[in-house]
Amino acid sequence: MAISRICSVDGCDKPHFGLGYCRKHHHDFQRYSVRRPKALACGIEGCGEVHYARGWCSFHYSKWRHRGSPTATTEPLAYVKDVVLGFASDECLEWPYTRTNAGYGQISIKGRRHNVSRYVCALVHGEPPERRFQAAHLCGNGHLGCVNPNHLVWKTPSANQLDRNVHGTDIRGEQHAMAKLTEQEVREMRRLSESHTATEIAKMFSISLAHTCKIIKNKSWQHV
């Protein structure tokens, strides 16, 4: 996978456009003859290569992108074989490489990204009974990158959801970063539906009519 370059100006992380600059700094260089800053060196001690992105050369930046650390010395697949599969402790084992935005470990196998928990669960317990089964974390710390094989079991989506409720890791309702309503407002909307139209309620709370109808009919925010 090609690595996207970024501007070489210190502190600028915009995409590369030309001559080592982003579009803005390239424009400044062409129009105002702004002198190109001296090339920075990689921030890894003893490296000496030219800076590429995030304070590292292209080699160490690539390591960070694919392994989670610019100084990683062990390949992710080797880590699974040598560390994860032989891990006998009851403590959580945190995945030290790439993760999703939600915190779950990722691993690249033959050019394709895979969920580490699901990959490890299949190695330890065999393939899931059905494709819909999920690799559930008995510890409730999958979002923290736990890949301890002793904490992984195959469960149906509904059973895994119940576990999230028990562990308190289910992000829904007003806990969601994109939520526009609170639980109190949702209850108020349903109360108002007895005397107001959905269109009127949608305007009161500044949300779409479709979303309002789903809330009133209990098709959305069902936990409230």
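This briefing describes the secondary structure of the chain and the packing of some of its helices. The model is a predicted one. The chain contains 8 helices and 4 strands, and along the sequence these follow the pattern α-α-α-β-β-α-β-β-α-α-α-α. Of its 224 residues, 32% count as buried.

**Overall organisation**

- Among contacts in the chain with a separation of 6 or more, 42% are accounted for by residues 24 or more positions apart.

**Helix 3 against helix 4**

- Helix 3 spans residues 76-84 and helix 4 spans residues 116-125; the two pack at an angle of about 50°, with their axes 12 Å apart.
- The crossing of helix 3 with helix 4 is right-handed.
- Helix 3 contributes Leu77, Val80 and Val84 to the contact, and helix 4 contributes Tyr119, Val120 and Leu123.
- By residue class, this contact between helix 3 and helix 4 comprises 6 nonpolar residues, with no polar and no charged ones.

**Helix 6 against helix 7**

- Helix 6 and helix 7 pack with their axes 10 Å apart and at an angle of about 150°.
- The two helices are therefore roughly antiparallel to each other, because the angle between them is over 145 degrees.
- Helix 6 and helix 7 also cross in a right-handed sense.
- On the side of helix 6, the contact is made by Glu185, Glu188, Met189 and Leu192, and on the side of helix 7 by Ile201, Met204 and Phe205.
- The residues of the contact between helix 6 and helix 7 divide into 5 nonpolar, no polar and 2 charged.

**The buried face of helix 7**

- Helix 7 covers residues 198-205, and its buried residues are Ile201, Ala202 and Phe205.
- Viewed down the axis of helix 7, these buried residues fall within an arc of 100°, so they line one face of the helix.
- In an α-helix there are 3.6 residues a turn, so residues three or four places apart point the same way.
- The cover over the buried residues of helix 7 includes helix 6 (183-192) and helix 8 (209-216).
- Ile201 and Phe205 are among the buried residues of helix 7, and both also take part in the contact with helix 6.
- Ser206 follows helix 7 and has a positive phi, near 55°.

Key
Residues are numbered from 1 along each chain as its sequence is written. This is a predicted model: local features need pLDDT of at least 70, side-chain atom pairs count only at pLDDT 80 or more; totals for chains, interfaces and linings use all residues. Side-chain values use heavy atoms; hydrogens and water are left out. Axes are lines fitted to C-alpha atoms, for helices over the stretch in contact, and angles run from 0 to 180 degrees between N-to-C directions. A crossing is left-handed if the near helix is turned anticlockwise from the far one by less than a right angle, and right-handed if clockwise. Contact means heavy atoms within 4.5 Å. Ala, Val, Leu, Ile, Met, Phe, Trp, Tyr, Cys and Pro count as nonpolar, Asp, Glu, Lys and Arg as charged, and the others, Gly among them, as polar. Buried means under 20% relative accessible area, exposed over 50%, partly exposed in between (1.4 Å probe, protein chains only). The arc is that of the directions from the helix axis to the C-beta atoms. Angles under 35 degrees count as roughly parallel, over 145 as roughly antiparallel, 65 to 115 as roughly perpendicular and the rest as oblique.
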